[in-house]
Amino acid sequence: MSGDPNILRAARLLLSISQEELARLSGVSTPSIKRIEGGDRRVLLSNVDALKRVLEERGIVFLGATETMGPGFRVSLSLADGWESGVPKN
């Protein structure tokens with residue numbers, strides 16, 4: 001996952017998961033998630049990995065930067081199922 005806290009926050013919001021819910025699912029404290037999303041670089045890699053794992057289990061696919069594009073994410077087909085019709089599957 002990128003070191004950009006905006007990517008983590010965007011993925012979490014796309015899944016409609018609150019910081020508190022992500023904390024419960026990942027075992028990472030809510031204050032730690034707030035610090036990570038706030039851009040604090042003094043975070044444990046194990047916490048970032050735990051958050052990434054929870055988001056990936058729910059259909060987020062993190063993408064690294066390329067020569068022409070920055071880091072980001074996309075969603076799995078199962079998560080996106082129904083988006084064209086405006087009725088996403090949850």
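Is E37 buried or exposed in this predicted model? E37 is buried, with a relative accessible area of 5%; buried means under 20% relative accessible area, exposed over 50% and partly exposed in between, with a 1.4 Å probe and protein chains only.

**Notes for all views.** The model is predicted, and residues are numbered from 1 along each chain as its sequence is written; side-chain values use heavy atoms, with hydrogens and water left out. Local features need pLDDT of at least 70 and side-chain atom pairs count only at pLDDT 80 or more, while totals for chains, interfaces and linings use all residues.

**View 1. Confidence of the model.** The protein averages a pLDDT of 89, and 90% of the residues score at least 70; pLDDT is the predictor's confidence in each residue, from 0 to 100. Among the elements of the protein, the lowest mean pLDDT, 87, belongs to helix α5 (residues 77-80), and the highest, 98, to α2. Helices (H or I, at least four residues) and strands (E, at least two) are DSSP runs, numbered from the N terminus.

**View 2. The salt bridge between E37 and R12.** The closest N and O atoms of E37 and R12 are 2.6 Å apart, and the two residues form a salt bridge, defined as a side-chain nitrogen of Lys or Arg within 4 Å of a carboxyl oxygen of Asp or Glu. E37 lies in helix α3 and R12 in helix α1, so the pair ties together parts that are 25 residues apart in sequence. R12 counts as buried at 7% relative accessibility. Apart from neighbours within four places in sequence, R12 is in contact with I17, S18, Q19, L22, E37 and L55, where contact means heavy atoms within 4.5 Å. By the salt-bridge rule, the count comes to five.

**View 3. Q19 beside the pair.** Q19 lies in helix α2 and counts as buried, at 14% relative accessibility. The side chains of Q19 and E37 are joined by a polar contact of 2.8 Å. A polar contact is a pair of N or O atoms within 3.5 Å; within protein, one must be able to donate a hydrogen and the other to accept it, and residues adjacent in sequence count only if both atoms are side-chain atoms. Leaving aside neighbours within four places in sequence, Q19 is in contact with R12, T30, I33, K34 and E37. Q19 and T30 are 11 residues apart along the chain, and their C-alpha atoms are separated by 6.1 Å.

View 4. The buried residues of α2 are Q19, L22, A23 and S26. They cover an arc of only 105 degrees around the axis, which puts them on the same side of α2; the arc is that of the directions from the helix axis to the C-beta atoms. What covers these buried residues includes α1, α3 and α4. R24 and E21 meet in a salt bridge through their side chains, at 2.8 Å from N to O. The two are three residues apart in α2, separated by about one helical turn. R24 is exposed, with a relative accessible area of 58%, whereas E21 counts as partly exposed at 31%. In the loop between α1 and α2 lies S16, a residue other than glycine with a positive phi, near 55 degrees. S16 is exposed, with a relative accessible area of 66%. Just after α2, G27 takes a positive phi of about 80 degrees.

**View 5. Helix α4 and its buried face.** Helix α4 (residues 45-57) has 13 residues and reaches 18 Å from its first C-alpha to its last, close to the 18 Å expected at 1.5 Å a residue; the expected span is 1.5 Å times one less than the number of residues. N47, V48, A50, L51, V54 and L55 are the buried residues of α4. Seen down the axis of α4, they fall within an arc of 160 degrees, so they line one face of the helix. The packing partners of these buried residues are α1 (5-14), α2 (19-26), α3 (30-37) and β1 (60-63). The face turned away from the buried side carries the exposed residues L45 and E57.

View 6. E57 counts as exposed at 58% relative accessibility, and R58 is partly exposed, with a relative accessible area of 32%. E57 and R58 form a salt bridge, with the closest N and O atoms 3.6 Å apart. Just after α4, G59 takes a positive phi of about 110 degrees.
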